[in-house]
Amino acid sequence: MHQRILILDYGSQVTQLIARRVREAGVYCEIHPGDVDSAFIESQQGLKGIILSGSHASAYHEDSLKVPAKVFEAGVPVLGICYGMQSMALQLGGKVEWSDHREFGYAEVRARGHTRLLDGLEDFSTTEGHGMLKVWMSHGDKVTQLPPGFKLMASTDSCPIAGMADEERHFYAVQFHPEVTHTTQGQALLSRFVNEICGCAGDWNMPDYVAEAVANIRAQVGTDEVILGLSGGVDSSVAAALIHKAIGDQLTCVFVDHGLLRLNEGEQVMKTLGDHFGMKIVHIDATDQFMGKLAGVADPEAKRKIIGREFVEVFQAEAGKLSNARWLAQGTIYPDVIESAGAKTGKAVAIKSHHNVGGLPETLNLKLLEPLRELFKDEVRKLGVALGLPPAMVYRHPFPGPGLGVRILGEVKKEYADLLRRADAIFIEELRKTEDPISGKNWYDLTAQAFAVFLPVKSVGVMGDGRTYDYVVALRAVQTTDFMTADWAELPYALLKKVSGRIINEVRGINRVTYDVSSKPPATIEWE
């Protein structure tokens, strides 16, 4: 049983980042809606501390979620962040009011009181010798009176109470967001809380997790057979490797090629997982079926639904041939689980449904096996390497479930997919080959996601002495740490020039290449 931190979510867009930072400190944690009951908190085995997230709401509104009273009676340290601080203050006898000076973005906070949480943490000091922290703020309300027993821990000019602490009860709260990378000492602060104040040993890491996960799978499955839908993506590939390590030939993978994969991806999956790992893989080329269903469909959501529906149909047909299978394995990861959860009261920000959660076709009559459902993406990648998967495979950039279907704008045709996958492969190849002289890293590793997009328009061009009228592709490359915000990557002009020249010269049918310089927000990373 791992020691654990409980994170209560009040609807912040960055709550997942809190969990990722806690996991990075080597501590297991879980996110649950902020309105859990006392019985749930009492049931948490190995509970060492509680973190209260931020929110879009105001703590003093009658209909806002309240922190369960049991949180402050559980006998473990509590850390409130933003809304979590305001709720803590209000519910323990302080005051919270609307502020006429909101703070959104960069701020400099003065640490006060030499509390255990902030002791020794600073980014710079003033001429008067005051320790200062560079942080990220996002609030329109503020604590105006400390609750009994609390002392001032931090302040800014516009927010006199930017942090507070009751060190006797181990209650701490900050108005800023330590979970975001913009708060320079954020990881150190959260590590201080979970490792030192909560006393967590830091026993959560992926190499050690392999044996634990293998034992859990064996206990759950026994001698039954398992079927897994292999997409070629990181999550399903790591799930396959983990389950295969646990039960060997009791696992059968069904790899459905919908004709919308990257160049040579099908062959790479079969070579790595089939030949190298010796997995049983049924490879289905369903390109014609998918293209037929997508003909004439331009709406992005309609395309997604068709691709998802056809994948299930093809998979079900193959699953029906495996009469001894009792389990369906899926590469569901923890963000999928969080995003599909909801608050009991319905007051927490709702959360999207996900195709991997609750999407099991009832007609399969199979039990669900989700060995990655406790892990974040970065943990899945580390687990994949620990299992022996090639780092180049597990550290690939994200690829959408519908594949190139949502990177071809408008109607999907096989001709478009063939052009796009070749252009995309050239872009990725050149990113991998080109090093940044300052960092020494290649540009593929310096970007979080990079790909080509097929535009359903034609432009006039000239090749040799002839006029061309061919298609256009856009290149997209972004840099981000959390995918919630992203900046377009400032790739070297020489790299873009080479990529453009190669695509136009080598991919007959494309005569113009553009580069997307939109950031998220307001744009999204993918185009559809």
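## The second largest pocket

Three helices, H7 (265-276), H12 (391-394) and H13 (414-433), each contribute at least two residues to the lining of the second largest pocket, and H13 gives the most, with six residues. Helices here are DSSP runs of H or I with at least four residues, strands are runs of E with at least two, and both are numbered from the N terminus. The lining comprises 22 residues, among which Arg262, Leu263, Gln268, Arg396 and Arg432 lie nearest the centre of the pocket, and the space inside is about 540 Å³.

A pocket is found on a 1 Å grid over the protein atoms alone, as an open set of points with protein on both sides within 12 Å along at least five of seven lines; a cavity is a set of points where a 1.4 Å probe fits but cannot get out, and lining residues have an atom within 4 Å of a point. Grid points are joined across faces, edges and corners, and a volume is the space filled by probe spheres set on the points.

## Basis of the model and its domains

This is a predicted model, in which local features need pLDDT of at least 70 and side-chain atom pairs count only at pLDDT 80 or more, while totals for chains, interfaces and linings use all residues. Residues are numbered from 1 along each chain as its sequence is written, and side-chain values use heavy atoms, with hydrogens and water left out.

The domain assignment divides the chain into domain 1 (4-197), domain 2 (206-395) and domain 3 (414-515), with bounds that come from an automatic or database domain assignment. The centres of domain 1 and domain 2, taken over C-alpha atoms, are separated by 37 Å.

Helix H8 (residues 287-294) has Thr287, Phe290, Met291 and Leu294 as its buried residues, where buried means under 20% relative accessible area, exposed means over 50% and partly exposed lies in between, with a 1.4 Å probe and protein chains only. These residues cover an arc of only 95° around the axis, which puts them on the same side of H8; the arc is that of the directions from the helix axis to the C-beta atoms. Their cover includes strand S12 (251-257), strand S13 (280-285), helix H9 (300-319) and helix H13. H8 is followed by Gly296, which has a positive phi near 80°.

Gly259, in the loop between S12 and H7, is buried at a relative accessible area of 6%. Leaving aside neighbours within four places in sequence, Gly259 is in contact with Thr287, Met291, Ala417 and Arg421, contact being defined as heavy atoms within 4.5 Å.

## Annotated active site

The unreviewed UniProt entry carries an "active site" annotation that covers Cys82, His177 and Glu179. Although spread over 98 residues of sequence, these positions cluster in space, with a largest C-alpha distance of 11.1 Å. UniProt positions are given in the numbering used here with feature names shortened, and annotations may be inferred rather than shown by experiment.

Cys82 is placed in the loop between strand S4 (78-81) and helix H3 (83-91) and counts as buried at 4% relative accessibility. His177, in the loop between strand S10 (171-174) and H4, is also buried, with a relative accessible area of 4%. Apart from neighbours within four places in sequence, the contacts of Cys82 include Gly54, Ser138 and His177, while those of His177 include Gly54, Cys82, Ser138 and Thr183.

## The cavity

The structure holds one cavity of 30 Å³ or more, and the largest cavity contains about 40 Å³ of space. Its lining includes Leu118, Leu133, Phe176, Thr183 and Leu189, and strand S7 (131-145) and helix H4 (186-197) each supply at least two residues of that lining.

## Annotated binding site

A "binding site" annotation in the unreviewed UniProt entry covers Ser231, Gly232, Gly233, Val234, Asp235, Ser236 and Ser237. Gly233 lies in the loop between strand S11 (225-230) and helix H6 (234-247), whereas Asp235 lies in helix H6. Asp235 is buried, with a relative accessible area of 16%, and touches Gly331, Ile333, Leu372, Lys377 and Val380 when residues up to four places away in sequence are not counted.
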